[in-house]
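Morning, everyone. I'll take the salt bridges and then the sheet. Have a look at the model first.

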Amino acid sequence: MSDFEREERAFRAALARAADGFEPRKLAIPGASEESGPADLSDERDKTEEKSPGRRKAPWILAAAAAVLAVVGLGGVVANLQPAGSGGESTAASDASGDEDSAGDAPKALGADEAAPEGTYVERGRTDLPAPADGNRWAVRYDIAFQVPEEWADATAPALPECIAEPGDQWDTVPRTPYVANITNQPVPAIACNETKDRDFPPQFGKVPFSLWQPYVLIEKPGKGATLQTGSWEHQGWLLTRVQVGESDAYATILTGPGDEKVNYEIKGSLRTVAKDPYGCETSSPLAEGDPVRPKTDPKTSPLAGDAPESIAICRYEPSSASLTGSREITGDDAEGLVKAITSAPARSGPNTPQNCAAGQPVTAYVILRIFRDGGEPGEVYVNYENCDDHGFYDGTTVHELTAAACRPVFAEEPVTIYSAQGDVAKVCLS
């Protein structure tokens, strides 16, 4: 794309934003069919028969407000398919495609040494992330941090997009707002389907029908030695960008709608690797696959004892990737209530059903509660809820049973939730 064409597009997008109060709805960038795009963009604007999805405004609604539970197999496993998505840092996203055209428009990544306004993460001393830009929030998946508009939800992407025949059918679990995709270990039904209706767009955009598209960010780690295609692609004004994040093995895929190229570039420019998230969660999993879900050290006193906590970071990990898969924070009365609920639970492990699992089966996810009090290092409580045995809250001195009062607040909101569990655990931990 020439400088003139890019400037013309940005000018038109700015006019459209101004006319619609900076909250564009159903806007497409005008242009004749002969308009040329960058060499690695797919220009599909001439397919005018396709209906562009409507843009939404107003505060986001959590995409996974309800859980659909299905019993799977003889082991009593419950699948929760959610309907609606080291100390150094690397601060730049590398694009193996050499997409210099779009990268030139990306803002400079925020530096770790930048001053942060009063009341931000830096002041609280939990992380070296600077304050997010106005109207943005930090999201963290694995050890990758990035900024998105603060109204973007945390939600689960559809497990079987190729099975969606039309909006609203049984496989349509596409979030209805812009979102940051959750990292899940949810079971996926072993069915074969490949709907092609409304899929007349470049394959890099996936298989969600065009009428259901929403802006999103997806962080993926494809596995040792595997790579993903990087570059930028365009369809009906929608921009898809995929980059490898610095020297890491993670890839970021960013989709934004018509007129929102700047949002796409800003998200890309903010990508970085981090050792700790804004809430105080370490991004590296302290447990290897197969390790028991227990604190590594025995504290002199329980981290549950003491004054009311200032905050509790709820950190969900995946041992197989040795990384943080989701996190959130509770404060005030909610944090104090959670501590009281755990200490009030019976001092024993449970509920357990060891007969339902093979011995030595590793967990695929667990949670660490990092309890912050003024002037001290955080205490840690490990939460084991997977497989069939040793369930409970482990604080290094004792274990407390998973009860509804203690367990449900931990898994109450995205992106920390349960995607698979034994039936007895699901009954007490899922509302």
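Helices here are DSSP runs of at least four residues, numbered from the N terminus. Keep that in mind for one pair. This is a predicted model.

Helix α4 covers residues 261-270, and Lys262 and Glu266 sit four residues apart in it, so about one helical turn separates them. Their side chains meet in a salt bridge, 3.9 Å from N to O. How exposed is each partner? Lys262 is exposed, at 58% relative accessible area. Glu266 is partly exposed, at 31%.

Next pair. Asp291 and Lys296 form a salt bridge at 3.5 Å, N to O. Asp291 is partly exposed, with a relative accessible area of 25%. Lys296 is exposed, at 55%.

Now Asp154 and Arg137. Their side chains meet in a salt bridge at 3.2 Å, N to O. Asp154 lies in strand β5 and Arg137 in strand β3, residues 136-141, so the pair ties together parts 17 residues apart in sequence. Buried or exposed? Both Asp154 and Arg137 are buried.

How many salt bridges does the structure hold? The count is 13. There is also a network: salt bridges link Lys276, Glu282, Arg370 and Glu380.

On to the sheet. It is open, with six strands in the order β5-β6-β7-β10-β9-β8 and mixed pairing. Which strands are at the edges? They are β5 (153-155) and β8 (231-235), each pairing on one side only. From one strand to the next, the twist averages 15 degrees.

β9 (residues 238-244) runs antiparallel to β10 (residues 251-256), over six bridges. There, Thr241 stands opposite Ile254 in β10.

Notes:
Residues numbered from 1 in each chain as written. Predicted model: local features only at pLDDT ≥ 70, side-chain atom pairs only at ≥ 80, totals over all residues. Heavy atoms only, no water. Pairing = 2+ DSSP bridges. Helix = DSSP H or I, 4+ residues; strand = E, 2+ residues; numbered from the N terminus. Axes fitted to C-alpha atoms, helices over the stretch in contact; angles between N-to-C directions. Salt bridge = Lys/Arg side-chain N within 4 Å of Asp/Glu carboxyl O. Buried < 20%, exposed > 50% of the residue type's maximum accessible area, 1.4 Å probe, protein only.
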